[in-house]
Amino acid sequence: MPRFFVDPRQIEDRVVKIAGEDKNHITRVLRLGPGDRITVLDGAGLEYEVVISSVSEEEVFGRVEGSRQRLTEPRLKVALV
């Protein structure tokens with residue numbers, strides 16, 4: 001599933017707005033549209049499962065279907081000698 005990083009302010013009331021280069025990548029390169037699924041990461045440790053609901057000239061709008069805490073670093077620290 002394609003993954004995109006967004007500013008947490010772009011996620012409001014379970015709706016994600018994606019604009020700019022990512023919007024072009026979603027619509028023109030990947031050729032995704034309404035009904036397709038993407039993963040959105042907010043940079044604050046949350047990962048969202050998103051279904052694209054609509055596409056305009058400026059933005060892609062998606063509905064958040066679910067979210068979970070993203071563990072980026074392992075809990076176990078290993079030191080090799």
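In the predicted model, a salt bridge links the side chains of Arg-3 and Glu-47, with an N to O distance of 3.4 Å. Arg-3 belongs to strand 1 and Glu-47 to strand 5, so the pair ties together parts that are 44 residues apart in sequence. The two partners differ in cover. Arg-3 is partly exposed, at 44% relative accessibility. Glu-47 is buried, at 7%.

Glu-47 also forms a salt bridge with Arg-68, where the closest N and O atoms are 2.5 Å apart. Here the link runs from strand 5 to strand 6, so it ties together parts that are 21 residues apart in sequence. Arg-68 is exposed, with a relative accessible area of 52%. Through shared partners, salt bridges join Arg-3, Glu-47 and Arg-68 into one network.

A further salt bridge is made by the side chains of Glu-49 and Arg-37, again given as N to O, at 3.4 Å. Glu-49 lies in strand 5 and Arg-37 in strand 4, so this pair ties together parts that are twelve residues apart in sequence. Glu-49 is partly exposed, with a relative accessibility of 39%. Arg-37 is likewise partly exposed, with a relative accessible area of 40%. The model holds five salt bridges in total.

Strand 1 (residues 3-5) and strand 4 run parallel and are joined by three bridges. Within this pair, Phe-4 stands opposite Val-40 of strand 4. Strand 4 and strand 5 (residues 46-55) are antiparallel, with five bridges between them. Ile-38 stands opposite Val-50 of strand 5. Tyr-48 stands opposite Ser-67 of strand 6.

Strand 4 (residues 37-41) is mostly covered, with four of its five residues buried. Thr-39 is located in this strand. Its relative accessible area is 10%; the cut-off for a buried residue is under 20%, so Thr-39 counts as buried. Arg-3 and Glu-47 are the partners in the 3.4 Å salt bridge. Phe-4 faces Val-40, and Tyr-48 faces Ser-67. In a regular strand, side chains alternate between the two faces of the sheet.

Helix 1 spans residues 20-29, and Gly-20 is placed in it. Gly-20 is partly exposed, with a relative accessible area of 41%. Gly-20 and Glu-59 are 39 residues apart in sequence, yet their C-alpha atoms are 7.5 Å apart in space.

A nonpolar patch was found on the surface. It is formed by Leu-76, Val-78 and Leu-80, which together have about 400 Å² of accessible area. Leu-80 lies in the segment after strand 6 (59-69). Leu-80 has a relative accessible area of 81%, and is therefore exposed, the cut-off being over 50%.

Methods: Residues are numbered from 1 along each chain as its sequence is written. This is a predicted model: local features need pLDDT of at least 70, side-chain atom pairs count only at pLDDT 80 or more; totals for chains, interfaces and linings use all residues. Side-chain values use heavy atoms; hydrogens and water are left out. Patches are made of residues with over 30% relative accessible area and no salt bridge: like charges are joined within 9 Å, nonpolar side chains (Val, Leu, Ile, Met, Phe, Trp, Tyr) within 5 Å. Accessible areas come from the Shrake-Rupley method with a 1.4 Å probe; for residues, only the protein chains shown count as cover. A salt bridge is a side-chain nitrogen of Lys or Arg within 4 Å of a carboxyl oxygen of Asp or Glu. Helices (H or I, at least four residues) and strands (E, at least two) are DSSP runs, numbered from the N terminus. Buried means under 20% relative accessible area, exposed over 50%, partly exposed in between (1.4 Å probe, protein chains only). Two strands pair if DSSP finds at least two bridges between them.
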